[in-house]
Amino acid sequence: MITLERVTKIYPGSKVPAVDNVELQVPEGEICVLIGSSGCGKTTLMRMMNRLIPITSGTIRIGDKDITGMDVIELRRSIGYAIQQIGLFPHMTVLDNIATVPKLLGWDKPRIERRVDELLELVNLDPGVFRSRFPRELSGGQAQRIGVARAMAADPPVMLMDEPFGAIDPINREVLQDEFLKIQAKLKKTIVFVTHDIHEAVKMGEKIALLDAGRLIQYGTPEDLLTRPKNRFVKDFVGADRALKRLDLLKVKDAMRVNPVHCFDNDPGEKVLEQMIENDLNYLLVTDRESKLKGYVNLVDLRGHNGEVGDVVHPMRITVTTDRNLKEALSKMLTYDIGIVVAVDEDGRLAGVLNTRTLFSVVGETYDERGGRWGKIPANGSIL
Amino acid sequence: METWQFLVQNSHEVLLLTAQHAWVVAVSVVIAIFTGVPIGIWITFNEKAADIVLYIAGIIMTIPSIALFGIMIPLLSVFGHGIGVVPAIVALVLYSQLPIIRNTYAAIKNVDPNIIDAGTGMGMTRFQVLFKVQVPMALSVIFAGVRVAVVMSIGIGAIAAYIGAGGLGHYIFMGINQTNDPMIHTGALAVAIMAIVVDYVFGIIENRLVSKGLRA
């Protein structure tokens, strides 16, 4: 846990504080995003945490240790540090770059090499290929991955990241963010992450701290900032399209109608048809007994068919998985011009359905500033 | 043709003078590297000193070499070395300072601050940042300064014959005095070839020493 108490920074010769009385707590194992426009003090605040910038007043504690009392070199070696322009050492190979802190800590060679390979695999780069490359032989995305791997080299519990995905094209940035979140889900580091991109903040942060002119304006979950902006400034900062940003934030599983009406592939066709007519359904989802999604059937297929439903099932090509965000689901609906998309879990089991109406109600429901609930829509279950 | 004849007839002496020349230059350059590089590094910590040091080194550069040798005679005769190899070496060391100091200073100053920040932020001491990051990254520019100094020293070293330091300058001056063209040509040619060869060799050494990661 990182605790900031009344942290203030006044640069020599300046009357206005660059960071003004900031109180903040980053819980263990969470990503806290510091965000604000340039010059708001977010980078200054982060750089005070490893004392690259001396604190004017206030205290910063990592765990229960006041960092001012610690040996500054030791402190920095215990904190992972990844910066904007990547900052890889151009004269060192990937191996030497990643090994920077382990070498400073005096690890032996086999241990360093094992750790480097482990990290390269973690960031999805083949150690055999990349170990001996130089930074100039890497693409932007690869360099960023190495930057992240280097920050994690000595397995520090705390990491500081200053726009680590800043210099990357939007598509690769998404990929890197996803990968990083996956890694973080496993490693559970306490991370302070600086960005000026609200999308990135909403995506990466478990907590977001919005700063302006050195002051902490609002600190809370992304949900809080989007649905309960404290004041006009926050509202403007998160943008008029904050409802759309929630599409990034919410997962399919948050919005879908769970356990939708369906039938099994070995159900008798005529009975299912009967029920469909009675309930005024034009088509129906089909799963097997293990609830693996098989596809769908429609009225026309079932009419006059007297076998199992499974014989006439149409495969379902467009589905989403429950852990994707709503933006992706909506994008699929728009791309394929479908009003409804079926959600499956990782094993292809039917999890729920999402249609434009549920989607809009979810986003719309919480649009208002009081913050509404987007609770799940009641279950329906098997039709028979 | 006459030059060739001269060369063949006096091959032993040519080799001797070349060795003498090379020796004076080598000693000077080694001393210049071991003074210039540390001074260049030191002044990156102290802007004021940097201005003064670069200014002085610049002034030394502008003193004509003949004049410098002349100044050296009364100064060094106090120690009994008014003429000969010692004043030659002192002069060459002084001349070499500017390219070496200036390049060292500029190269270290020019290392991307983001990279220094990364090093510092990961817990390198100031000393480690300097020797693990800044100097290795500055090496090729420092080397360029050394190469300029070496080639320049080989040229100026010829003039040192004037104060009795020997070397290939001996042939040039003697040749002028005796209007002996083959002698002048031999001396001048040998100096030129030496400069080219040494520069080439330093290029190879530079390639070995500078990280492959820094090649464009």
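Me: How many residues of domain 1 of chain A are in contact with domain 2 of chain A?
Reply: Contact means that two C-beta atoms, placed from the backbone, lie within 7 Å. Domain 2 of chain A supplies five residues. On the side of domain 1 of chain A, the number is five.

Me: What kind of model is this?
Reply: Residues are numbered from 1 along each chain as its sequence is written, while chains are lettered from A and ligands numbered from 1 in the order in which they are written. Local features need pLDDT of at least 70, side-chain atom pairs count only at pLDDT 80 or more, and totals for chains, interfaces and linings use all residues; the model is predicted.

Me: What separates the centres of domain 1 and domain 2 of chain A?
Reply: The bounds come from an automatic or database domain assignment. That assignment gives domain 1 (2-249) and domain 2 (252-365) of chain A. Taken over C-alpha atoms, their centres are separated by 41 Å.

Me: How many charged residues are on the side of domain 1 of chain A that touches domain 2 of chain A?
Reply: Ala, Val, Leu, Ile, Met, Phe, Trp, Tyr, Cys and Pro count as nonpolar, Asp, Glu, Lys and Arg as charged, and the others, Gly among them, as polar. This side has three nonpolar residues and no polar ones. Its charged residues number two.

Me: Which residues touch the most other members of the largest nonpolar core?
Reply: A nonpolar core joins buried Ala, Val, Leu, Ile, Met, Phe, Trp, Tyr and Cys residues through C-beta atoms within 7 Å. Buried means 20 or more other C-beta atoms within 10 Å of the residue's own; exposed means 12 or fewer; partly exposed is in between; C-beta atoms are placed from the backbone. This core has 157 residues, and the most other members are touched by V33(A), L34(A) and V192(A).

Me: Which helix gives the most to this core?
Reply: Helices are DSSP runs (H or I, at least four residues), strands likewise (E, at least two), numbered from the N terminus. The top contributor gives 13 residues and spans 126-159 of chain B: helix α7.

Me: Why does this core lie between two domains of chain A?
Reply: Look at who contributes. The core lies between the domains because residues come from both domain 1 (2-249) and domain 2 (252-365) of chain A.

Me: Which element gives the most to the side of chain B that touches chain A?
Reply: The contact takes 20 residues from chain A and 17 from chain B. On the chain B side, α6 (113-121) and α7 are the elements that give two or more residues. By class, this side has eight nonpolar, seven polar and two charged residues. With six residues, the most comes from α6(B).

Me: What do the buried residues of α6(B) pack against?
Reply: The buried residues of α6(B) are I115(B), A118(B), G119(B), T120(B) and G121(B). Just after this helix, G123(B) takes a positive phi of about 100 degrees. The buried set packs against α2 (72-77) and β6 (79-82) of chain A, together with α7 of chain B.

Me: Which residue in β2(A) stands opposite I2(A)?
Reply: Strand β1 (residues 2-9) of chain A pairs antiparallel with β2(A) over five bridges. Opposite I2(A) stands V26(A).

Me: Which residue in β16(A) stands opposite V320(A)?
Reply: Strand β16 (residues 340-344) of chain A has four of its five residues buried. Strand β15 (residues 319-321) of chain A pairs with β16(A) in the parallel sense over three bridges. V320(A) faces A343(A).

Me: Is P74(B) buried or exposed?
Reply: P74(B) sits in helix α4 (residues 65-77) of chain B. P74(B) has 9 C-beta neighbours inside 10 Å, so this residue counts as exposed.

Conventions. Two strands pair if DSSP finds at least two bridges between them.
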